[in-house]
Amino acid sequence: QVQLVESGGGLVQPGGSLRLSCTASGDIFSINDMNWYRQTPGQERELVATITSGGSPNYADSVKGRFTISRDNAKNTVYLQMNSLKPEDTAVYYCKADLIDTSSNAWIFWGQGTQVTVSS
């Protein structure tokens, strides 16, 4: 059994910062790519950032230069540092992990989502 648990969302003023965390636990052998997505009501889930197992990041154009994705492989944790937040960053943020369990099965797991609201 594998779980992804997110934390760090909340309410912040425009121009502020938040740091999201997502930790995977359970019968994990290895984790490949880890991702952050976001979704607003009535919209499709949008890929925000990806980080490979080797630590190479990629970002959506809308967050480049403001958001930083990182990971701690020893803790099976991915982070999203969000700076210079804008009202349009308001969304539910989800993490996703592509992983191999201890029985050599490949899985895609999603976190439960954490609300980020940017408003004055």
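What follows is a set of questions on labels and the values behind them.

Mentor: A word on the source: this is a predicted model, in which local features need pLDDT of at least 70, side-chain atom pairs count only at pLDDT 80 or more, and totals for chains, interfaces and linings use all residues. Residues are numbered from 1 along each chain as its sequence is written, and side-chain values use heavy atoms, with hydrogens and water left out.

Trainee: Why is Ser-21 called buried?

Mentor: Buried means under 20% relative accessible area, exposed means over 50%, and partly exposed is in between (1.4 Å probe, protein chains only). Ser-21 has 16%, so it is buried. This serine belongs to strand 3, and its bridge partner in strand 8 is Tyr-79. Ser-21 touches Val-5, Glu-6, Ser-7, Trp-36, Val-78 and Tyr-79, leaving aside residues up to four places away in sequence; a contact means heavy atoms within 4.5 Å.

Trainee: And why is Glu-44 called exposed?

Mentor: The relative accessible area of Glu-44 is 73%, so this residue is exposed. Glu-44 sits in the loop between strand 4 (28–39) and strand 5 (46–51). Not counting residues up to four places away in sequence, Glu-44 touches Arg-38 and Gln-39.

Trainee: What makes a set of residues a nonpolar core?

Mentor: The members must be buried Ala, Val, Leu, Ile, Met, Phe, Trp, Tyr or Cys residues, joined through side-chain atoms within 4.5 Å. The largest core here has 29 residues, and Trp-36, Val-48, Phe-67, Val-78, Leu-80, Met-82 and Tyr-93 touch the most other members. Elements giving two or more residues to this core include strand 1, strand 3 and strand 11 (114–118). Strand 9 gives the most, with five residues. As for Phe-67, its contacts beyond four places in sequence include Val-48, Leu-80, Met-82 and Tyr-93.

Trainee: Why is the pair of Trp-107 and Phe-109 called tilted?

Mentor: A pair of aromatic rings is described by the distance of the centres and the angle of the planes. Rings of Phe, Tyr and Trp (its six-membered ring) pair if their centres lie within 6.5 Å; planes under 30 degrees apart are stacked, over 60 edge-to-face, and the rest tilted. Trp-107 and Phe-109 are 5.9 Å apart, centre to centre, with 40° between the planes, so the pair is tilted. By this rule the count is two aromatic pairs. Trp-107 at 43% is partly exposed, and so is Phe-109 at 21%.

Trainee: How do you know that the charged end of Arg-19 sits over the ring of Tyr-79?

Mentor: The rule wants NZ of Lys or CZ of Arg within 6 Å of the ring centre and within 35 degrees of the ring normal. The charged end of Arg-19 is listed as sitting over the Tyr-79 ring, at 4.0 Å from its centre. Lys-96 lies over the face of Trp-110, 5.9 Å from the ring centre.

Trainee: Finally, what makes Ser-104 exposed?

Mentor: Its relative accessibility is 62%, so Ser-104 counts as exposed. Ser-104 is in the turn of the hairpin formed by strand 9 and strand 10, which has four residues between the strands, and its phi is positive, about 70°.

Conventions: Two strands pair if DSSP finds at least two bridges between them.
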